[in-house]
Amino acid sequence: MIQFENVNKWFGSYQALADVNETVRKGEVVVVCGPSGSGKSTLIRTLNQLEPIQSGRILIEGQDIHARKLNLNAFRSRIGFVFQQFNLFPHLSALDNCTLAPIRLRGLSAAQARERALALLERVGLAHKAHAFASELSGGQQQRVAIARALAMEPPLMLFDEPTSALDPEMVGEVLLVMKSLVRDGMTMVVVTHEMGFAREVADRVLFMDAGRVLERATPDDFFNRPQHARAQQFLRDIRSPFANA
């Protein structure tokens, strides 16, 4: 589904991604973790061209996504992206947030888009909030609407960039439950997250990044119980004992 080939990315003189080579198979759930500033959000944002790369190639379903002839809007319509800050259109209802792109980009009729959107809102437990605006929803509800909106385009790939980090702790669980349901459906997912319980429970593989490099790739069992790289070992010690160095 995804192939990174010697991918490099700079912000000025700062190298955010360094010689990344990685593959994500169809139906695989990959969690990307690491300390702040490690490059994990930059990595996921290159997958739909929110961030350009300076060298290397990224292939999705065999297509070079930085090729000049790429139809960017058509390409992005095939990738669901869920952001940290929800990014709902504040002037639209939850229902209209979920119908806008299918109508404008996929050519669905208003009735078809509405039927699908209502089904997706039902799936994420928010059918009763279909006509609510973002300001009337909790953070957890807004993020669940954002997931439904992404799913409305029927994407073969879903990307999540720290989808729970802006939520109050009691709202995290409701979003993770929706994400777990996608895992059960066999959705290909790349998830940047600090939720290590989610990674341990549902990931097929964990990628650990630091300083723009993938330092470790492993099953959750191996990563959490038998980390190989010294930086990964330190990262796990720090998150297990957050006040150890205080």
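A: In this predicted model, H5 crosses H6 in a right-handed sense. H5 covers residues 139–151 and H6 covers residues 169–184; their axes come within 8 Å, with a crossing angle of roughly 20°.

As for who touches whom, the H5 side brings Gly139, Gly140, Gln141, Gln143, Arg144, Ile147 and Leu151. Facing them from H6 are Met171, Glu174, Val175, Val178, Met179 and Leu182. Sort the residues of this contact by class and you get seven nonpolar, four polar and two charged.

Now the cysteines. Cys33 has 0% relative accessibility, so it counts as buried. Cys98 sits at 1%, so Cys98 is buried too. If you're wondering about disulfides, the count is zero, taking a pair of cysteine sulfur atoms within 2.5 Å as the cut-off.

Last, the loop residue. Ser77 lies in the loop between helix H2 (72–76) and strand E6 (79–82). Its relative accessible area is 17%, and because buried means under 20%, Ser77 counts as buried. Setting aside neighbours within four places in sequence, Ser77 is in contact with Leu105 and Met153. Ala16, by comparison, is 61 residues from Ser77 in sequence, and their C-alpha atoms are 26 Å apart in space.

Methods
Residues numbered from 1 in each chain as written. Predicted model: local features only at pLDDT ≥ 70, side-chain atom pairs only at ≥ 80, totals over all residues. Heavy atoms only, no water. Axes fitted to C-alpha atoms, helices over the stretch in contact; angles between N-to-C directions. Helix = DSSP H or I, 4+ residues; strand = E, 2+ residues; numbered from the N terminus. Left-handed = near helix turned anticlockwise from the far one by under 90°. Contact = heavy atoms within 4.5 Å. Nonpolar A, V, L, I, M, F, W, Y, C, P; charged D, E, K, R; others polar. Buried < 20%, exposed > 50% of the residue type's maximum accessible area, 1.4 Å probe, protein only.
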